[in-house]
Amino acid sequence: MAKRGGFPGGGMPGNMANLMKQAQRMQRQMEEGQKELETKEFTAKSGGGAVEVTVTGKKEIKEVKLSQEVVDPDDIEMLEDLVMAAVNEALRMADEANSELMGKMTGGLGLGGGMPF
C-alpha cells in the first residue's frame, strides 16, 4: 500500500526547513530581547518633578522619590494623584519599549495585518 501525504524522502521541503530555522532564530532573539528589556529601568516624573517613579522592564516599581514640598498632610489626594500619574507614565514607557522590541522582531514577517499568503 502506498503512503499518502508527507514529503518525498521523509524530510521537509527546503522552504519549510528554512522557515522553521528562521522561526527558531526569531524565538531566540525575542527571548534575548525580553531578557535585556527586563534589565532596563524607566523613570517618569509628575508634578513638575515633585514625584519620581522608576519601574523595571518587568513592570516592578523599583523606586519612588517624593520632594518635601509635595508632602502635605492636608492634601493627601494630590500626592496620591501625582504618584499614580508617575507610575502610569513609567509603565507606559516600559510597554512602549516592549512594543518597539516586538515590532523589530516581527517587522519583516507581515504578521500585523494578517498572513501574507
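Predicted model: local features only at pLDDT ≥ 70, side-chain atom pairs only at ≥ 80, totals over all residues.
The largest nonpolar core contains 14 residues. Within this core, the members that touch the most other members are Phe42, Val51, Val53, Val55 and Val70. At least two residues of the core are supplied by each of strand E1 (41-46), strand E2 and helix H2 (76-106). Helix H2 provides the largest share, namely six residues. For Val70, when residues up to four places away in sequence are not counted, the contacts are Ala50, Val51, Met78, Leu79 and Leu82. Val51, one of these contacts, is itself among the core members that touch the most others.

Strand E2 spans residues 51-56 and includes Thr56. This threonine has a relative accessibility of 15%; because buried residues are those under 20%, Thr56 is classed as buried. Leaving out residues up to four places away in sequence, Thr56 touches Glu38, Lys40, Glu41, Phe42, Lys62 and Ala94. Among these contacts of Thr56 is Phe42, a residue also listed with the core members that touch the most others.

A nonpolar patch is found on the surface, formed by Ile61, Val64, Leu66 and Val71. Together, these four residues have about 340 Å² of accessible area. Val64 belongs to strand E3, which covers residues 61-66. The relative accessibility of Val64 is 42%; since this value falls between the limits of 20% and 50%, Val64 counts as partly exposed.

How values were computed:
Residues numbered from 1 in each chain as written. Heavy atoms only, no water. Helix = DSSP H or I, 4+ residues; strand = E, 2+ residues; numbered from the N terminus. Buried < 20%, exposed > 50% of the residue type's maximum accessible area, 1.4 Å probe, protein only. Contact = heavy atoms within 4.5 Å. Patch = residues over 30% accessible without salt bridge, like charges linked within 9 Å, V, L, I, M, F, W, Y side chains within 5 Å. Areas by Shrake-Rupley, 256 points an atom, 1.4 Å probe, with all protein chains shown as cover. Salt bridge = Lys/Arg side-chain N within 4 Å of Asp/Glu carboxyl O. Core = buried A, V, L, I, M, F, W, Y, C linked by side-chain atoms within 4.5 Å.
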